[in-house]
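Subject: Structure handover

Hi,

Here is the structure I promised to pass on.

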Amino acid sequence: MNAAEETPPNLPLSGEGQECTTPLDSSPDKGRPGGVSLSDEHWMRHALTLARNAWQQGEVPVGAVLIRDGEILAEGWNQPITLHDPSAHAEMLAMRAAGQTVGNYRLPGTTLYITLEPCLMCVGAMLHARVERVVFGAYDPKTGAAGSAFNLLQDPRHYHKVLAVQGGVLQEECAALLQAFFRERRAAASAKPAAE
């Protein structure tokens, strides 16, 4: 079975399979970590569902959804291999689709939910697009550009700063999906020489 035929594991994602159109309270819940709302968790679950699309295509499972006024403006999942495009990261595809939808490359008043901390390239596009808020799941200590390896989203040298950055939303679930994907890929790679 090749990577494109494999199915992502059914990791425990509460709320899975629900439509993401229900208006939710976006105010932080006192029982949740700082600044995280029910709405943040809701949209991150949607992004996790999109990440599974990437896995089914043999791509690193990262999903992104761009929200404005509590509605989905656009969504995407990693597809650089499928599209033969090194810039086809989940958040890039979501921002491109949103730009086409609204007829403008500027996306003010939006929140971008991503299952993995964005890279340098994606952060640059977020700044140019004027995304207002970025919420991500798993931290990326090696290449994350939203505070882990670099903190470009709120660098004072930019003309525009993302007004709010929230990391670690459903971090365990987001990280578990990525870890399962890479564990499966390593197992398949080590089994390949034995089969030859």
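Below is what I found, going from the whole chain to the individual residues.

**The whole chain**

One thing to keep in mind from the start is that this is a predicted model. The protein chain has 196 residues, and 45% of them count as buried. It has five helices and five strands. If you trace the chain from the N terminus, the elements come in the order α-β-β-α-α-β-α-β-β-α. As for contacts between residues at least 6 apart in sequence, 58% of them join residues at least 24 apart.

**Helix H1**

H1 covers residues 38–56. With 19 residues at 1.5 Å each, H1 should span 27 Å, and its end C-alpha atoms are 28 Å apart, so the two agree. Is H1 enclosed by the rest of the structure or left open? It is largely enclosed, because 15 of its 19 residues are buried. After the helix comes Gly58, which has a positive phi near 80°.

**Helix H3**

Next, go to H3, residues 90–102. Its length works out as well: the 13 residues should span 18 Å at 1.5 Å a residue, and the end C-alpha atoms lie 19 Å apart, which agrees. The buried residues in H3 are Ala90, Glu91, Met92, Leu93, Ala94, Met95, Ala98 and Gly99. What do these buried residues pack against? Their partners are S1, S2, H2, S3 and H4. Just after the helix, Gly103 has a positive phi of about 70°.

Glu91 deserves a stop here. It sits in helix H3, and UniProt, in an unreviewed entry, lists Glu91 under "active site". The relative accessible area of Glu91 is 4%, so this residue is buried. Setting aside residues up to four places away in sequence, Glu91 touches Val62, Ala64, Leu112, Ile114, Pro118, Cys119, Cys122 and Met126.

**How H3 and H4 meet**

The axes of H3 and H4 come within 9 Å and cross at roughly 25°. That makes the two helices roughly parallel, because angles under 35 degrees count as such. Their crossing is left-handed. Which residues meet between these helices? From H3 there are Glu91, Met92 and Met95, and from H4 there are Met121, Cys122, Ala125, Met126 and Ala129.

An α-helix has 3.6 residues a turn, so residues three or four places apart point the same way.

**The annotated binding site**

The UniProt annotation "binding site", again from an unreviewed entry, covers His89, Cys119 and Cys122. These residues are spread over 34 residues of sequence, yet they cluster in space, with a largest C-alpha distance of 9.3 Å.

Now the two cysteines, one at a time. Cys119 is in the loop between strand S3 (110–116) and helix H4 (120–129). Its relative accessibility is 17%, so Cys119 counts as buried, the cut-off being under 20%. Apart from its neighbours within four places in sequence, Cys119 is in contact with His89, Glu91, Thr143 and Ala145.

Cys122 is in helix H4. Is Cys122 buried or exposed? It counts as buried, because its relative accessibility is 0%. Again leaving out neighbours within four places in sequence, Cys122 is in contact with His89, Glu91, Met92 and Met95. His89 and Glu91 are therefore among the contacts of Cys119 and also among those of Cys122.

**Two loop residues to check**

Finally, there are a couple of backbone angles to look at. Asp69 is not a glycine, but its phi is positive, near 55°. You will find Asp69 in the loop between strand S1 (63–68) and strand S2 (71–77). With a relative accessible area of 72%, Asp69 is exposed.

His84 also has a positive phi, about 55°, although it is not a glycine. This residue lies in the loop between helix H2 (80–83) and helix H3. His84 is exposed, with a relative accessible area of 71%.

Cheers

Definitions and conventions: Residues numbered from 1 in each chain as written. Predicted model: local features only at pLDDT ≥ 70, side-chain atom pairs only at ≥ 80, totals over all residues. Heavy atoms only, no water. Helix = DSSP H or I, 4+ residues; strand = E, 2+ residues; numbered from the N terminus. Expected span 1.5 Å × (residues − 1). Buried < 20%, exposed > 50% of the residue type's maximum accessible area, 1.4 Å probe, protein only. UniProt positions renumbered as here; feature names shortened; annotations may be inferred. Contact = heavy atoms within 4.5 Å. Axes fitted to C-alpha atoms, helices over the stretch in contact; angles between N-to-C directions. Parallel < 35°, antiparallel > 145°, perpendicular 65-115°, else oblique. Left-handed = near helix turned anticlockwise from the far one by under 90°.
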